[in-house]
Amino acid sequence: MATEVERQCIVTRQVKPVCEMIRFVVGPEDRLVPDVAGKLPGRGLWLTASKLSLAEAIAKRSFGKAAKQTVEIPDGLQELIERLLQQRLRDALSMARKAGQLLSGHDKVMEALAKGEVAALLHASDASEDGIRKMKAGDIPSYRSLSRALLSEVTGKENAVHVAVLNGSAGAFFIAELRRFALFMEETGL
């Protein structure tokens, strides 16, 4: 079994799995660049995925200290990170759908729950409490951080409110990205 990769946060100095962190690199002209995919060249500067950690890193000039150089922080960095994480989440959700690891529709979701095939439940951010309560299934995590429009767009179904992410590698990748997004947005599972 592979060991999960961990890195140290430049602010808290805690060692955490990379799925709970955001990587940054210093790009051209000494500008800080968020690297949510973890693929950009250069030495990575790792930060716990949270708006509070980002604000603290900026206030304490942690990026420059970790890089041992002057680092320019771009305006609107938090909003940029949010957009990048949302796009990565959209791509991961689309990948899960293409891999056949995403179901929508009440009956299909309930059937998959009964068969034990569900890794996580997604509820539109505006879903009713009653609908969510009816879909609860033991210790399966459920999330409510995505819009109905996004769920509908990715599933190709009009008015997608409840979506099941099925067991499998694409589903697991999506769930990891969703958890990182939720951490950064300071949201938790229901």
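**Exercise 1. Work out how helix α3 meets helix α6: what is the handedness of the crossing, at what angle do the axes cross, and which residues meet?**

*Solution.* Helix α3 passes α6 in a right-handed crossing. This is a predicted model, so the geometry here is that of the prediction.

Step 1: take the axes. Those of α3 and α6 come within 9 Å and cross at roughly 40°.

Step 2: classify the angle. Roughly parallel requires an angle under 35 degrees, so α3 counts as oblique to α6.

Step 3: list the partners. From α3 come Arg90, Leu93, Ser94 and Arg97, and they meet Leu150, Leu151, Glu153, Val154 and Thr155 of α6.

**Exercise 2. Now turn to α3 and α7: at what angle do they pack, and how far apart are their axes?**

*Solution.* Step 1: helix α3 (residues 77-98) and helix α7 (residues 169-184) pack at an angle of about 160°, with axes 9 Å apart.

Step 1: apply the cut-off. Angles over 145 degrees count as roughly antiparallel, and therefore α3 is roughly antiparallel to α7.

Step 2: The crossing of α3 and α7 is left-handed.

Step 3: look at who takes part. On the α3 side the contact includes Ile81, Leu85, Leu89 and Met95, while the α7 side includes Phe173, Phe174, Phe181 and Phe184.

Step 4: count by type. The contact of α3 with α7 divides into 13 nonpolar, 3 polar and 4 charged residues.

**Exercise 3. Find the salt-bridge partner of Lys51 and say where each residue of the pair sits.**

*Solution.* Side chains of opposite charge can pair when their charged atoms come close.

Step 1: find the pair. Lys51 and Glu82 meet through their side chains in a salt bridge, at 3.4 Å from N to O.

Step 2: Lys51 belongs to helix α1 (residues 51-59) and Glu82 to helix α3; they lie 31 residues apart, and the pair links distant parts of the chain.

Step 3: The structure holds 12 salt bridges. Glu82 is also one of the α3 residues in the contact with α7.

**Exercise 4. Describe the sheet that contains β3: what is the strand order, and why do β4 and β5 each have a side without a neighbour?**

*Solution.* Step 1: write the order. This open sheet of 3 strands runs β4-β3-β5, with antiparallel pairing.

Step 1: read off the edges. β4 (32-35) and β5 (45-48) each have a single partner strand, so one side of each lacks a neighbour in the sheet.

Step 2: zoom in on one pairing. Strand β3 (residues 21-26) is joined to β4 by 4 bridges, and Arg23 has Asp35 in β4 as its bridge partner.

Step 3: bring back α3. This helix lies across β3 and β4, at about 25° to β4.

Key
Residues are numbered from 1 along each chain as its sequence is written. This is a predicted model: local features need pLDDT of at least 70, side-chain atom pairs count only at pLDDT 80 or more; totals for chains, interfaces and linings use all residues. Side-chain values use heavy atoms; hydrogens and water are left out. Two strands pair if DSSP finds at least two bridges between them. Helices (H or I, at least four residues) and strands (E, at least two) are DSSP runs, numbered from the N terminus. Contact means heavy atoms within 4.5 Å. Axes are lines fitted to C-alpha atoms, for helices over the stretch in contact, and angles run from 0 to 180 degrees between N-to-C directions. Angles under 35 degrees count as roughly parallel, over 145 as roughly antiparallel, 65 to 115 as roughly perpendicular and the rest as oblique. A crossing is left-handed if the near helix is turned anticlockwise from the far one by less than a right angle, and right-handed if clockwise. Ala, Val, Leu, Ile, Met, Phe, Trp, Tyr, Cys and Pro count as nonpolar, Asp, Glu, Lys and Arg as charged, and the others, Gly among them, as polar. A salt bridge is a side-chain nitrogen of Lys or Arg within 4 Å of a carboxyl oxygen of Asp or Glu.
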